[in-house]
Amino acid sequence: MISYKEALEILDSHIKPYDFIEKIAITQCLDRILASDIRALRSYPQKDMAAMDGYAFKFSEQDEELKILGQLNASELSYFKLGKKECVKTMTGALMSEGSDTLAPIEIVDLKDDKIKIKQKIKKGFAVRKAGENYKKGELLLKKGTKLSYAELALLAELGYFHISVFKKPKVAILSSGSELKDLGESLENEAQIYSSNHIAIANIAKKLGADSMILPLIKDNKKELKNALFNALQSCDILVSTGGVSVGDLDFLRDLVKEYELLIDKVSIKPGRHIKIAKFKHKFILALPGFSLSAISTFILFARHIINSWLLLKKDYTSKAFFKGEYKKKSEFLELLPCDLSFKEAKIYASLKDIKEANSAMTTRLISSKAFILLDKKELKNADLVDIIFLP
């Protein structure tokens with residue numbers, strides 16, 4: 001059985017560049033991932049520009065009485081050329097007139113007829129936005145792999161882009177199996193049956209990770225039906241996620257079916273979720289996860305997020321350190337994933353276990369309001385110990 005770190009190294013060696021790109025309107029690009037670098041098509045501002053309403057003049061003449069040549073608004077090209085002791089009334093966003101280098105705000109000017117007198121000293125270049133102040137032509141503004149928020153979209157609009165190249169959202173198909181499972185809306189026929197919830201959780205986690213999700217019909221414990229379902233799903237997804245059927249039971253058919261593909265990982269030394277299996281089919285990945293809710297959700301977060309972030313060139317910045325609050329003794333030999341609460345004080349992160357002493361692979365309730373997993377590899381934790389955490393999506 002390999003470690004979590006070794007499993008990630010194996011994944012990294014098999015993750016190929018994700019070259020599926022589409023061009024869409026920037027109005028539809030919120031939270032999408034850029035598929036190419038963006039450089040400035042022109043400098044901005046292209047010429048010196050007024051930052052407020054005032055009078056454009058030569059700094060060297062600020063003690064002189066200045067004649068007003070006229071007024072220039074933001075939408076107009078400058079047609080004024082300043083001579084000696086001259087100025088131009090200039091509105092916010094208007095171009096600075098030829099020969100001017102400073103702007104005197106309206107509030108500090110005495111106006112008499114067609115002349116002004118500046119009442120107080122100002123610095124050279126005051127209230128003037130210099131050409132190229134925001135960015136210069138050819139400057140790299142957004143890197144490939146940038147997640148587009150409102151700020152990046154505003155910049156793209158400012159640059160004049162309407163359509164932009166982004167990575168297609170990876171498609172995640174979720175296949176839950178087990179004869180005991182009932183789908184939402186169906187009736188439970190006996191006390192041995194349960195409602196399937198893994199597909200709901202994983203589909204929504206996939207969306208939060210920037211992927212599209214597709215929930216497949218539930219499959220009973222039937223080897224032939226499972227084999228066909230796996231093959232068919234792989235024709236239309238990038239990551240196929242199955243839950244259940246990977247342990248050591250007589251009806252755990254997925255354990256063997258996934259081995260018919262290129263098996264990369266067969267069990268990882270983690271709890272919950274050690275029976276996970278990961279295989280590959282062309283550029284696609286198959287994540288065969290355990291059936292218990294906490295196991296399925298935990299392993300999906302650990303491994304699917306790693307694959308998706310690698311494909312989309314996103315930073316893997318979801319790990320950190322935290323100070324532990326309380327005490328805890330580990331009872332297994334595996335790396336334990338402990339859902340935890342987080343608090344913040346004086347620029348430090350603190351993690352606590354919500355008064356639950358032991359992990360239970362079926363306890364979905366442990367994830368409610370949890371903010372992270374503690375990745376525990378030592379035997380016990382004492383108060384104020386430094387621990388590794390991985391933030392939940």
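Student: Is Lys331 buried or exposed?
Tutor: Keep in mind that this is a predicted model. Lys331 has a relative accessible area of 65%, and because exposed means over 50%, Lys331 counts as exposed.

Student: Where does Lys331 sit in the fold?
Tutor: Lys331 belongs to the loop between strand S23 (328–329) and strand S24 (335–345).

Student: And how far is the C-alpha atom of Lys331 from that of Lys379?
Tutor: Those two C-alpha atoms are 7.6 Å apart, although 48 residues separate Lys331 and Lys379 along the chain.

Student: Let's zoom out. How many helices and strands are there in the protein chain?
Tutor: The protein chain has 6 helices and 28 strands.

Student: What about the overall dimensions?
Tutor: Along the principal axes, the C-alpha atoms occupy a box of roughly 100 × 50 × 40 Å. The radius of gyration is 31 Å, whereas a compact globule of 393 residues would come out near 21 Å.

Student: What share of the residues is buried?
Tutor: Buried residues account for 46% of the 393. The accessible surface of the chain is about 20500 Å², with 51% of that belonging to carbon and sulfur atoms.

Student: And the contacts?
Tutor: Among contacts with a separation of 6 or more, 69% are between residues 24 or more positions apart.

Student: Which way do S22 and S28 run relative to each other, parallel or antiparallel?
Tutor: Strand S22 (residues 319–324) and strand S28 (residues 386–391) are antiparallel and joined by 5 bridges. Phe323 has Leu386 in S28 as its bridge partner.

Student: Which way does S22 pair with S25?
Tutor: That pairing is parallel: S22 and strand S25 (residues 348–352) share 2 bridges. There, Phe324 has Ala351 as its bridge partner.

Student: Switching to electrostatics, how many salt bridges does a search of the whole structure find?
Tutor: The search gives 13 salt bridges. One of them joins the side chains of Lys130 and Asp48, at 3.0 Å from N to O. These two are 82 residues apart, with Lys130 in the loop between strand S10 (128–129) and strand S11 (140–142), and Asp48 in the loop between strand S2 (38–39) and strand S3 (49–50).

Student: Which residue does Lys277 form a salt bridge with?
Tutor: Its partner is Asp266, with the closest N and O atoms 3.1 Å apart. Lys277 is buried, because its relative accessible area is 2%, whereas Asp266 is partly exposed at 35%. Lys259 also joins Asp266 and Lys277 in a network of salt bridges.

Student: Last topic: which residues form the nonpolar patch on the surface with about 430 Å² of accessible area?
Tutor: That patch consists of Leu184, Leu188, Tyr195, Ile200 and Ile215. Tyr195 lies in strand S15 (residues 194–195) and is partly exposed, at 38% relative accessibility.

Conventions. Residues are numbered from 1 along each chain as its sequence is written. This is a predicted model: local features need pLDDT of at least 70, side-chain atom pairs count only at pLDDT 80 or more; totals for chains, interfaces and linings use all residues. Side-chain values use heavy atoms; hydrogens and water are left out. Patches are made of residues with over 30% relative accessible area and no salt bridge: like charges are joined within 9 Å, nonpolar side chains (Val, Leu, Ile, Met, Phe, Trp, Tyr) within 5 Å. Accessible areas come from the Shrake-Rupley method with a 1.4 Å probe; for residues, only the protein chains shown count as cover. A salt bridge is a side-chain nitrogen of Lys or Arg within 4 Å of a carboxyl oxygen of Asp or Glu. Helices (H or I, at least four residues) and strands (E, at least two) are DSSP runs, numbered from the N terminus. Buried means under 20% relative accessible area, exposed over 50%, partly exposed in between (1.4 Å probe, protein chains only). The radius of gyration is taken over C-alpha atoms; the globule rule is 2.2 Å times the number of residues to the power 0.38. Contact means heavy atoms within 4.5 Å. Two strands pair if DSSP finds at least two bridges between them.
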